[in-house]
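Here's a quick tour for anyone opening this structure for the first time. Have a look at the model below, then follow the notes topic by topic.

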Amino acid sequence: MSGATVVNHPLVQHKLTIMRDKDTSTQGFRRLLREISLLLCYEVTRDLPVVMQKIETPLQEMEAPILDGKKLVFASVLRAGNGLLEGMLDLVPAARVAHIGLYRDPQTLEPVEYYFKAPENLDERLVVVVDPMLATANSAIAAVDKLKERGANNLRFLCLLGSPEGVEKFNRAHPDVPIFTASIDEKLNEKGYIVPGLGDAGDRMYGTK
Ligand code: PRP
Ligand code: URA
């Protein structure tokens, strides 16, 4: 059994196909990532708890559902995580935001941390970690390690693409953290890239190399 929920919605798959295309422009890639993040956010928040609240419509009183509990946290793994974050904040504007600065050393493929800032009371909030790529999973594991060190105990990981190797490694390191993704691709190549993949997500988002 796969250790991830794959979001198979046709709109997600259509947009992902265009993002994979090497001829898609930086502008197009960024726009599609934002659009796809709305659909992925919908799935990752599908079972959030709600509580009934008494309100008055223009016609009468009623009890209607609103989100329960403390504001949730979106934790963006920089840089590419911000491409998912923006759209998710459109859907959940009251969410708190954590930033985790990590880059992958191209030789060792180990994550190097350069920044961390998170809201208070992580132990009382659902934390959704967002990063488009789960390749070796080293970055995702390090991000979740750090959030757990700061008290988080209810986490989900949302990405666009995973590798089978990365999903397995992440599941072993953090069996309590469910993964949501638009696709699990074929494999990792010898440089730690997801294939067929979409290349380097950060570079494609920002037009860098
Ligand atoms: C990419 C991606 C992930 C990481 C995934 O970031 O956004 O954070 O690689 O690879 P892993 O699963 O093997 O750790 P990168 O390090 O290129 O940094 P960037 O977002 O700043 O471009
Ligand atoms: N990071 C990316 O952006 N792409 C990959 O394929 C692997 C790591």
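Helices (H or I, at least four residues) and strands (E, at least two) are DSSP runs here, numbered from the N terminus. You're looking at a predicted model, where local features need pLDDT of at least 70, side-chain atom pairs count only at pLDDT 80 or more, and totals for chains, interfaces and linings use all residues. Residues are numbered from 1 along each chain as its sequence is written, while chains are lettered from A and ligands numbered from 1 in the order in which they are written.

**Two helices side by side**

- Start with helix α1 (residues 10-20) and helix α2 (residues 26-44), which pack at an angle of about 155° with their axes 10 Å apart. (Axes are lines fitted to C-alpha atoms, for helices over the stretch in contact, and angles run from 0 to 180 degrees between N-to-C directions.)
- So α1 is roughly antiparallel to α2. (Angles under 35 degrees count as roughly parallel, over 145 as roughly antiparallel, 65 to 115 as roughly perpendicular and the rest as oblique.)
- On the α1 side, the contact uses Leu-11, Val-12, Lys-15, Leu-16, Ile-18 and Met-19, and α2 brings Phe-29, Leu-32, Leu-33, Glu-35, Ile-36, Leu-39 and Leu-40. (Two residues are in contact if their C-beta atoms, placed from the backbone, lie within 7 Å.)
- Sorted by class, this contact of α1 with α2 has 11 nonpolar, no polar and two charged residues. (Ala, Val, Leu, Ile, Met, Phe, Trp, Tyr, Cys and Pro count as nonpolar, Asp, Glu, Lys and Arg as charged, and the others, Gly among them, as polar.)

**What sits around α3**

- Helix α3 (residues 81-91) has Gly-81, Gly-83, Leu-84, Leu-85 and Met-88 as its buried residues. (A residue is buried if 20 or more other C-beta atoms lie within 10 Å of its own, exposed if 12 or fewer, and partly exposed in between, with C-beta atoms placed from the backbone.)
- Among the elements covering those buried residues of α3 are α2, β4 (73-78), β5 (96-104) and α6 (201-206).

- An unreviewed UniProt entry puts the annotation "binding site" on Arg-79, Arg-104, Asp-131, Pro-132, Met-133, Leu-134, Ala-135, Thr-136, Ala-137, Asn-138, Ser-139 and Asp-200. (UniProt positions are given in the numbering used here, feature names are shortened, and annotations may be inferred rather than shown by experiment.)
- Look for Leu-134 in strand β8 (residues 133-134). Leu-134 counts as buried because it has 28 C-beta neighbours inside 10 Å.
- Setting aside neighbours within four places in sequence, Leu-134 is in contact with residues including Cys-159, Gly-162, Val-167, Phe-170 and Thr-181.
- Ser-139 belongs to helix α4 (residues 138-149). With 25 other C-beta atoms within 10 Å, Ser-139 is buried too.
- Again leaving out neighbours within four places in sequence, Ser-139 is in contact with Val-77, Leu-102, Arg-104, Pro-111 and Asp-131.
- Arg-79 sits in the loop between β4 and α3.

**Another "binding site" annotation**

- The unreviewed UniProt entry also has a "binding site" annotation covering Ile-194, Gly-199, Asp-200 and Ala-201.
- You'll find Ile-194 in strand β14, and its 27 C-beta neighbours inside 10 Å make it buried.
- Not counting residues up to four places away in sequence, Ile-194 touches Met-133, Ala-135, Leu-161, Ser-163, Asp-185 and Leu-188.
- Gly-199 is in the loop between β14 and α6. Gly-199 counts as partly exposed, with 15 C-beta neighbours inside 10 Å.

**Backbone details to spot**

- The peptide bond from Leu-78 to Arg-79 is cis, and its omega is near -5°.
- The bond from Val-195 to Pro-196 is cis as well, with omega near 0°. Pro-196 is in the loop between β14 (194-195) and α6.
- Leu-109 isn't a glycine, yet it has a positive phi of about 65°. Leu-109 lies in the loop between β5 and β6 (111-117) and is partly exposed, with 14 C-beta neighbours inside 10 Å.
- Asn-121, not a glycine either, has a positive phi of about 55°. Look for Asn-121 in the loop between β6 and β7.
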